[in-house]
Amino acid sequence: MSDRTRESWNIATRNHNAHKGDQAAFLRGGGDLLFPEELELLGPLDGRDLVHLQCNAGQDSLCLARRGARVLGVDFADEAVAFARRLSAAAGIPARFELAEVVSWLEGTTETFDLAFSSYGAAGWLPDLGAWARGLARVLRPGGAFVYVEFHPLVWSIGPDLRLSGDDYFATEPFHEPVGDYVADSGAGLGAVAAADAADLTPNRVPATSYQHTLGAVLEALAGAGLVLERFAEHPYSNGCRTIPALVLGPDRRFRWPEGTARLPLMFSLRVRRPG
Ligand SMILES: C[S@@+](CC[C@H](N)C(=O)[O-])C[C@H]1O[C@@H](n2cnc3c(N)ncnc32)[C@H](O)[C@@H]1O
């Protein structure tokens, strides 16, 4: 993990939140950001100890906490964790947030959990999926589950022209580019309520390092850590995020392929369990 990646996330997080209006009022008013895939795979939340890994600014963490889970969010971006703590207080939804590099934290913490959760842009920031998966197995109690809902790695191979002009699916070299303002690109899908004032946006020129992990590599890493696959699905839509410009936003905050396009999966979702 490089400090530049963290700094790029700090800038991006400030920009993303600049589009979202009064998020505490949204949450206090009962606003919810979770999608059915997440809730269905997580199952009952009331009274469960749940760690939300790479939680960013904590909006989803707080929606989980409001359902009765005792939530710890972990993220390495100072801006994200500070925002999450403020949002928790302002929304009146208790949750803990810890500033930490996720794999180091998984390797070192003494806490254990019934549930671990990650979503939408997580493993792609981590160079070593084996270490990540072993850390997940380490923090789960026997019988505990990890739920992961993620953009399908095929998505990054598809260019704006809907041809295979994007990144090589089997790329092994890391990518170095600033974290973009995908909240602005996704609009209502990611809770953007209005165009942000340009004065509130900082051009992000700090390159972040990310990695392409094939679907096979993700599944192999989890299995290699002794976690047992219980549920797995591929989805022809993208929750919240316009990962390809041509995708069309529906009223359910999902982006779908344009009419007449042969669909490929845009997301996958899974649940693995630590035997117990
Ligand atoms: C796309 S966001 C995840 C969004 C999240 N699902 C949510 O609920 O908003 C990716 C997050 O991963 C964090 N991140 C990236 N690399 C990390 C690392 N090595 N350790 C901890 N957090 C990391 C970033 O700071 C960012 O908040």
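How many of the five residues of β1 are buried?

**View 1. Strand β1 and its partner β2.** Four of the five residues of β1 are buried, so this strand is largely enclosed by the rest of the structure. A residue counts as buried if 20 or more other C-beta atoms lie within 10 Å of its own, as exposed if 12 or fewer do, and as partly exposed in between, with C-beta atoms placed from the backbone. Helices (H or I, at least four residues) and strands (E, at least two) are DSSP runs, numbered from the N terminus. The model is predicted: local features need pLDDT of at least 70, side-chain atom pairs count only at pLDDT 80 or more, and totals for chains, interfaces and linings use all residues. Residues are numbered from 1 along each chain as its sequence is written. β1 and strand β2 (residues 70-75) run parallel and are joined by five bridges; two strands pair if DSSP finds at least two bridges between them. Leu50 has Val71 as its bridge partner in β2.

**View 2. Glu98 in strand β3.** Glu98 lies in β3, residues 96-99. This residue is partly exposed, with 16 other C-beta atoms within 10 Å. Leaving aside neighbours within four places in sequence, Glu98 is in contact with Leu72 and Val74, where contact means C-beta atoms, placed from the backbone, within 7 Å. Between Glu98 and Leu72 there are 7.3 Å from C-alpha to C-alpha, and they are 26 residues apart in sequence.

**View 3. The buried side of helix α7.** In α7 (residues 129-139), the buried residues are Leu129, Trp132, Ala133, Gly135, Leu136 and Val139. They cover an arc of only 160° around the axis, which puts them on the same side of α7; the arc is that of the directions from the helix axis to the C-beta atoms. The elements that they pack against are β1 (49-53), α6 (102-108), β4 (113-119), β5 (140-151) and α9 (215-224).

**View 4. The largest nonpolar core.** Of its 74 residues, Leu50, Ala116, Leu136, Phe146 and Val147 touch the most other members. β5 supplies the largest share of this core, seven residues. A nonpolar core is a set of buried Ala, Val, Leu, Ile, Met, Phe, Trp, Tyr and Cys residues joined through C-beta atoms within 7 Å. Not counting residues up to four places away in sequence, Phe146 touches Ala116, Leu136, Leu140, Leu227 and Val272.

**View 5. An open sheet of three strands.** The strand order is β9-β11-β10, with antiparallel pairing. β9 (237-239) and β10 (248-249) are the edge strands, each pairing on one side only. Ser238 has Phe255 of β11 as its bridge partner.

Key: Two residues are in contact if their C-beta atoms, placed from the backbone, lie within 7 Å.
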